[in-house]
Every structure is written in C-alpha cells, then in structure tokens.
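Work through these exercises on charged side chains. Try each task before you read its solution.

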Amino acid sequence: MLSTKKSTSYSSPTRNEDTLLPKRNRQGYKVYISTIMRIIILLALLICTCSYAQEKSLNMVDALNIKKDIRSLDKRILHLVKKHPKLSKEKGIQIFYAFILSTEENKTSEEDYRSGKFLYTLSPSYRKFYQNFLYRKKYINTMAIYIADSIGNLLATASPRFIHIPHIHGVTDIEMTKMFHRKEVDFVFYKNLTSLGTLFAIKGNDVFIIEESGEGIKEYKLDEYVDCCYNKLFPFFMQ
C-alpha cells in the first residue's frame, strides 16, 4: 500500500519597512519629511508671491487705470482702419501706442528717476478730437500710434482724427514698430517736460530709455542714463 504525504508550504511573513526602524526613529523620520515638505511649499508660495508683486508693480496699464481708455482708443483707430481704402484690405492689423504721461517735477528727484520711483507719480493726459464737424470726444493722449501688419511691418501712423501714410516712413517709427511686434517692450511713453525724442520703455521689470537719433534709436538702461545724462533728460530746466 502506498502512503501519501501531505506537503506543507510555508510563506515568509511580509516585512513592513517601518518595523526595521525603532518606533522613536520612525516618528522622527516622519516629522522630518513633513517639515521638509512644508518648507518646499512655503518657498514655492514665496517665489510666486514675489514674482507677482514685482510684475504688478510695473504694470503701468493697471497702475494708471487706463484699460478703458485704451479700449476706447482701439475702437476709434479700428474704425478709421475699416474706412481706409487701403488698410481695410489688410488682415492681422496690429496697433501700438506710445503714450504721453505727466507729473509735477517738484515731486520727483534725480534719485527717483535713477530708481524708477518716479513711475508711481505719473498720470495720463487727455485730448479732445473732432469726430465730425460738431462732435468732439476725449481720448487718452499719445505721442505716436503705429499701425502694422501681421508680421510687424509699419503701414501707417495715426491719431484719433485721421490715418497718415507717408511716402517714406521714418527710421524711428519703423524701428519702434518692430520693437513692439517682437515684444521687446511692454509699455512706452513720453513724459512731459523731458527732451523731445526721448521715450521711456518698460519690459518686464526693467525700465530703459529710448533715444531717437539720425540713424534710428538707441537704448539705455534707466539708471545708467540718469548717471551720465540727467541734465540732457531735462534740457528745459537745466542750465
């Protein structure tokens, strides 16, 4: 007679990695991981908050509260474009503005210009234009309005009154339009009482000077320009 033996199988107990550490060490390890995660989250929030604050501090459209003014001016210029026999056929029209802003000079100093603090003393100016022979409407004041095609070629300059297409565009107007199209500037303005042919420009958190010349435009960092040429910036007041 053959006898059969029952085979017995053994399974090793599942090891929990936590059992490899003493209980006190396990608790310390968890506290350490939790602390590191909190620090990472706090640093991320701090970086985002600082970046947002810096970006917002140089958002001139919001600081000047001129969103509605720009929309109104956009609407007017687009109306003139649609009525123009040549521009009305263009697709992908772009409109860029160099505004005129003002401040009282006795409220700012050379150091305010060097640091960029003067930006927070600026205010927009406005001018009324005839829409027809009887009606005038107020628009935010501009130093220049550039109308370009979809690839950044200057087509015309404008005002709320009319569109102007010269036989030959000025070098400065062409280069300024290219800068806008390439997004090298976010906001451009002429400031009252400063020398003609000198513009202030903002890109991100940087402020710089754009100076017109016979060969086009030249760019300077704001602090460097103030250090070397502050008197040149205000020729009407410096002797």
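This is a predicted model: local features need pLDDT of at least 70, side-chain atom pairs count only at pLDDT 80 or more; totals for chains, interfaces and linings use all residues.

**Exercise 1.** Find how many salt bridges the whole structure holds, and which residue pairs with aspartate 227.

*Solution.* 
Step 1. Search the whole structure: 7 salt bridges turn up.
Step 2. Look at aspartate 227: its partner is arginine 114, with the closest N and O atoms 2.6 Å apart.
Step 3. Aspartate 227 sits in helix 6 (residues 222-233) and arginine 114 in helix 4 (residues 110-115), so the bridge ties together parts 113 residues apart in sequence.

**Exercise 2.** Decide whether aspartate 227 and arginine 114 are buried, partly exposed or exposed.

*Solution.* 
Step 1. Aspartate 227 has a relative accessible area of 53%. Exposed means over 50%, so aspartate 227 is exposed.
Step 2. Arginine 114 has 26% relative accessibility, and it counts as partly exposed.

**Exercise 3.** Describe the salt bridge between glutamate 211 and lysine 232.

*Solution.* 
Step 1. Take the distance: the N to O value is 3.1 Å.
Step 2. Locate the partners. Glutamate 211 belongs to strand 10 (residues 206-213) and lysine 232 to helix 6, so this pair links parts 21 residues apart in sequence.
Step 3. Check burial. Glutamate 211 has a relative accessible area of 9%. Buried means under 20%, so glutamate 211 is buried. Lysine 232, at 45%, is partly exposed.

**Exercise 4.** Name the residues that salt bridges with shared partners join into one network.

*Solution.* 
Follow the shared partners: Glu110, Glu111, Arg114 and Asp227 form one network.

Conventions. Residues are numbered from 1 along each chain as its sequence is written. Side-chain values use heavy atoms; hydrogens and water are left out. A salt bridge is a side-chain nitrogen of Lys or Arg within 4 Å of a carboxyl oxygen of Asp or Glu. Helices (H or I, at least four residues) and strands (E, at least two) are DSSP runs, numbered from the N terminus. Buried means under 20% relative accessible area, exposed over 50%, partly exposed in between (1.4 Å probe, protein chains only).
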